Amino acid sequence: MRVFVKTLIVTLFLSQAIIAQEPQRVEGADSISNILKNSTKGLRYVLSDSGINSELNEVGTTFFKNKYLILSNKKRRHYETTFNEETKAFNNNLYCVDVDKDGNLSFPLLFSKDLDSKNNEGSLTFSPDQKTIFFTQENPNKTDHYELYSAQLDTTTKRPFWGNIKKIDLLPEDYSIETPGISADGTKLYFASDIPGGFGGFDIYVAEINPDGTIASYKNLGPNVNTKEDEKYPNVTPDNKHLYFSSKGHLNMGGYDVFRSSIVGDDYLQALNLGVTLNSRRDDLAFVLVDSNKGYVSTDKSNAGNFDILKFEIKQLEKGKNNFTIVEKKSGVALPNAKVVIKDEFGNVVTETITNKDGKL
């Protein structure tokens, strides 16, 4: 009787198979680097400057219309940034920048005077029709403590503006809510918070967005995403299959690394580090895909406390041949002429093959 073997490979990147599942965390940067090189073998992120960076701070957020929105504390186009006496640094403002055909960024302009405050602006996200914005601003009485707001785009006037600005009291006021992101269908709001009851530090949560735009109760994404360290910058792909985020935990090169968790039903699978060609021993965050193989990431590779926005291109490298032997589970006996069906984490068939006379692929 022909033996049918079904093998589940859970580390696909946008339907492209990666060979290994994330291993357990080990101590030592060199050991971690070697493990990540093996687990992400076949993929390489080619990083280059985006053209918008300065000696100060630039962090990417998301797209609005055909513009990319960034946070920066550099004075732009005669607009004065405010100085924070406590941090001894200029506050971040939101700017929209042009994007050319090669992904280069330029010509930063203040995004909206309606949404600007005298303190640090935080990350933001838009509803699918881009008529509702959820944005964060620093509490004027508490440094590094952010609050969530919403606003509606009013297009009834000659010059559209953001109106009906409301503070969203989703959490008790003593806790910060940061780096929001909306799912492509507009039904879920992801965010990071330090509210107690999680796994430690900042965790990532998800809340349902009701049809009337109000936010329902939230839930923690669980231990496959969250750790005792900080997790922030959730970003879900348009097909709602993968969650990208940054974490100081899991199997980590140092600082924040970018990770991906597959979403299967209501479950978030074990986070996978995207590897050493993207992540560094500094902070790497605000990962945004533009299409299946291009995007942006913000990084503090100089370890100076100021981020740069880098563009990336994902290269699929030719994989070397891997030798696998298919065996019977209990006896360990090799299975010749066995049909092997390889599926991804969503149950889709990636490939089918037959073992040779020695049970090898």
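1. Let's start with Phe259, whose bridge partner in β23 is Asn273. This pairing belongs to a predicted model, so please read every value below as computed from that prediction. Two bridges join β21 to β23 (residues 272-273), and the two strands run antiparallel.

2. β21 spans residues 257-264 and is mostly covered, with seven of its eight residues buried. On another pairing, six bridges connect β21 with strand β20 (residues 242-247), again in an antiparallel arrangement. If you want a residue pair to look for there, His242 stands opposite Ser262 of β21.

3. β21 also pairs with strand β22 (residues 267-268): two bridges join them, and they run antiparallel. Val264 has Asp267 of β22 as its bridge partner. The hairpin formed by β21 and β22 has two residues between the strands, and in this hairpin Gly265 takes a positive phi near 65°.

4. A handy pair to display is Ser48, which stands opposite Lys311 in β26.

5. Next, the charged pairs: the structure holds nine salt bridges. One of them brings together the side chains of Glu178 and Lys232, at 2.9 Å from N to O. This pair links distant parts of the chain, with Glu178 in strand β15 (residues 177-182) and Lys232 in strand β19 (residues 231-236), 54 residues apart. Are these two residues buried or exposed? Glu178 is buried, because its relative accessible area is 9%, and Lys232 likewise counts as buried at 13% relative accessibility. The cut-off behind both calls is under 20% relative accessible area.

6. Another salt bridge is formed by the side chains of Glu55 and Lys74, at 3.4 Å from N to O. Glu55 sits in the loop between β4 (43-49) and β5 (58-64), while Lys74 sits in the loop between β6 (67-72) and β7 (83-84), so the pair ties together parts that are 19 residues apart in sequence. Glu55 counts as exposed at 57% relative accessibility, whereas Lys74 is partly exposed, with a relative accessible area of 25%.

7. The side chains of Lys101 and Asp102 meet in a salt bridge too, with an N to O distance of 3.3 Å. Lys101 is exposed, its relative accessible area being 75%, and Asp102 is partly exposed at 47%. In general terms, side chains of opposite charge can pair when their charged atoms come close.

8. Asn91 deserves a look of its own. This residue is found in the loop between β8 (89-90) and β9 (93-99). Is Asn91 buried or exposed? Asn91 counts as buried, because its relative accessibility is 3%.

9. What does the side chain of Asn91 meet? One of its polar atoms lies 3.2 Å from the backbone oxygen of Lys118. The side chain of Asn91 also makes a polar contact of 3.3 Å with the side chain of Asn120. Leaving aside residues up to four places away in sequence, Asn91 touches Ser72, Asn73, Thr81, Thr82, Phe83, Asn84, Lys118, Asn119, Asn120 and Glu138.

10. A last stop is Leu109, placed in strand β10 (residues 105-110). Leu109 is partly exposed, with a relative accessible area of 34%. How far apart in space are Leu109 and Val97? Their C-alpha atoms are separated by 6.5 Å, and the two residues are 12 residues apart in sequence.

Technical notes
Residues numbered from 1 in each chain as written. Predicted model: local features only at pLDDT ≥ 70, side-chain atom pairs only at ≥ 80, totals over all residues. Heavy atoms only, no water. Helix = DSSP H or I, 4+ residues; strand = E, 2+ residues; numbered from the N terminus. Buried < 20%, exposed > 50% of the residue type's maximum accessible area, 1.4 Å probe, protein only. Polar contact = N/O pair within 3.5 Å; in protein donor to acceptor, adjacent residues only side chain to side chain. Contact = heavy atoms within 4.5 Å. Salt bridge = Lys/Arg side-chain N within 4 Å of Asp/Glu carboxyl O. Pairing = 2+ DSSP bridges.
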